[in-house]
Each structure stands twice: as C-alpha cells, then as structure tokens.
Amino acid sequence: MTKVFKGVFNSEVASFGTYNNFLKAAYSNDKFSFKASGNYSISENNYEVPEKNYINRNGKFHNTTFNIGTAYKIAKNQTISWQSQFYDATQNYRILEENGNKTSYKAETFRSLISWDIDKSKFSNSFKAAYTEDNFKYFGVYNAPFTSGGINKNYILKNDFNYFIIPKLNINAIGEFQQNQGEGLGTSELKNVSRNAGAVAGLLRYFATPNLRFEAGIKQNFVEDISSPLLYSFSGKWKANNWYQVNLNLSKNFRFPSFNDLYWEPGGNINLKSETSVQADLNQEFSLSGFKLSITPYYIKIDNMIRWIPDSIWILGSF
C-alpha cells in the first residue's frame with residue numbers, strides 16, 4: 001500500500017498593499033485520497049496614477065476561498081467522491097465623483113458535489129448530486145446596513161449512462177432534475193420564488209471508421225409552468241484524406257428564462273417567452289504544406305430571443 005502526504009503553506013506580499021496567504025494539504029493511498037486548500041487575499045488597492053493626477057479611492061477588497069475534495073474506491077470499478085468549495089469576498093467600489101458615497105458589495109458562494117462513478121469495459125455510469133448557493137448584498141453606504149441583495153439555491157441530480165452495444169456503436173442516456181430557489185433582500189422587489197426543471201436525453205454514436213463518425217440525439221425538457229419542444233441534434237465528421245476534413249452539425253435548441261431574466265431589477269420581464277432556435281453549420285478544413293484554411297457556412301434562426309441591451313431591458317425578437 002502506497003501512502004503519500006503533502007502539505008504547503010505560503011505567504012506573499014504583492015503590489016498595492018496586497019497580501020496573499022494560501023495553504024495546501026493532500027493525502028492518498030491505494031483506495032483513498034484527500035485534498036484541501038485555502039487562500040486568503042486582502043488589499044487596500046489604493047494605487048496612484050501620477051500621469052492623470054488620480055488615486056484609486058475606496059478600492060479595498062478581501063476574499064477567502066476554501067476547497068476540499070475526497071474520493072474512495074469502494075470496488076474495483078466503482079468510486080465515490082465529494083468536492084466542495086466555499087468563497088467569501090467583499091469589494092469596495094471606487095469613488096468616481098469627488099463627493100461620492102463609499103459603496104461596497106459582499107458575496108458568499110457555496111458549491112458541493114457528490115459523485116458515484118462506475119467504469120467497466122462495456123458500460124459506465126455516473127450519478128451526481130449537487131447543491132449550490134449564492135448570497136450577495138449591496139451596501140449603498142459603506143459600514144451601513146445593506147441596501148439590497150439576494151439568495152439563490154439550487155438542488156441538482158444528474159445521471160449519465162454509457163453503453164457500447166458493439167465496439168463501433170455507443171448509446172448514451174442522460175437524466176437531470178433541478179430545483180431552483182430565489183429570494184430578494186432589502187429593496188429588491190423579488191419575493192420567494194422556486195421552479196422545478198428536468199430533462200431526459202438520448203444519444204447514439206456510430207464510429208464507422210477511424211476517420212468517419214456520426215452522432216444523433218433527442219432531448220425533452222420538463223420545466224414547471226413552461227411548455228418545451230422536443231429537441232434534436234445530428235453531427236458527422238469525415239476526414240477524407242490528409243488535406244481535407246468536413247464536419248456537419250444540425251440542431252434545434254431551447255432556453256427558458258432564468259430568474260435574472262424574469263425578476264432582475266431594473267430590467268427583468270416576467271412575460272418573457274422561452275427562446276428556441278434551429279441552426280446548422282458545415283465546417284470544411286483544408287491543410288496543405290503547413291497552411292490551414294477553414295470555411296464554415298452556417299444557418300441560424302432564433303425565435304423569441306432573450307438578450308440584454310444597454311438600456312437595461314430584456315427584449316423579445318427574431319432574426
């Protein structure tokens with residue numbers, strides 16, 4: 001049995017009064033591995049630009065990141081792993097006007113993922129469960145109660161199954177479920193909202209020769225209170241010879257409005273429709289004497305496109 005342990009601690013001083021500290025530790029043997037790391041940075045960020053008679057005021061920031069990961073081999077072809085990350089940061093916004101208010105932004109994020117992976121010669125399966133959380137607060141006046149903010153939580157389950165029917169033919173089935181939750185704080189007008197969303201997809205891959213392959217797939221989304229179409233995709237890749245290669249892609253795509261699209265203030269629009277599109281492209285590559293030329297004609301049609309424009313309004317459109 002092989003055992004390995006490593007540990008590192010370092011501290012450094014960078015420019016503009018920035019201090020960085022980080023710590024790393026790891027341990028592993030034939031069945032078990034563990035890694036952890038942490039980082040802390042703080043800076044006054046008050047640099048001066050003499051050429052423009054300018055001093056960056058109220059630019060102070062600090063952030064902390066902590067990561068942990070572990071894996072255990074429960075059988076010859078099975079592994080369970082866990083990864084998590086915590087991030088905490090505060091950033092002061094520099095003053096643009098001579099008598100402007102000192103403002104700041106505080107953010108905390110958390111990510112955690114558990115995975116059970118099976119990998120055998122003819123099939124593989126990966127089951128994942130994840131939780132993510134984002135919290136932010138905006139302070140219109142420094143060292144005063146926060147002005148606005150928000151909390152976002154996501155619970156995610158996903159299973160990815162691969163099976164080789166024959167060495168040249170592979171089937172892939174994917175299922176996913178999410179629950180998304182959002183809450184506005186302070187002056188934010190967003191109340192508690194939640195949404196369930198899921199999807200099932202199937203892919204068929206055929207490796208005809210080392211230089212020729214095809215892939216076809218279908219996907220159905222299931223989104224609470226939103227109607228979604230059946231989606232499809234097809235791609236093919238053929239390397240005809242050493243100087244010519246062609247790739248074909250065709251798909252129908254779908255995107256439903258996010259919480260930001262619907263509820264962000266100012267600019268959110270609760271009446272947004274889901275975005276759908278059909279697109280195709282034909283990429284051709286020519287290689288000769290070390291030179292490469294790529295030609296890609298494409299087609300795309302988008303209905304009910306969701307996009308952000310400078311006047312802070314989401315719009316609907318087609319092109």
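Arg255 is partly exposed, with a relative accessible area of 34% (partly exposed lies between buried, under 20%, and exposed, over 50%, using a 1.4 Å probe and protein chains only). This is a predicted model, in which local features need pLDDT of at least 70 and side-chain atom pairs count only at pLDDT 80 or more, while totals for chains, interfaces and linings use all residues. Residues are numbered from 1 along each chain as its sequence is written, and side-chain values use heavy atoms, with hydrogens and water left out.

**Salt bridges**

- A search of the whole structure finds 10 salt bridges, each being a side-chain nitrogen of Lys or Arg within 4 Å of a carboxyl oxygen of Asp or Glu.
- Arg255 pairs in this way with Glu275, with the closest N and O atoms 4.0 Å apart.
- Glu275 counts as buried, at 14% relative accessibility.
- Lys301 forms a salt bridge with Asp303, the closest N and O atoms being 2.7 Å apart.

**Ser294**

- Ser294 lies in strand 17 (residues 291-295) and is partly exposed, with a relative accessible area of 43%.
- Leaving aside residues up to four places away in sequence, Ser294 touches Asn283, Gln284 and Glu285, where contact means heavy atoms within 4.5 Å.

Conventions: Helix = DSSP H or I, 4+ residues; strand = E, 2+ residues; numbered from the N terminus.
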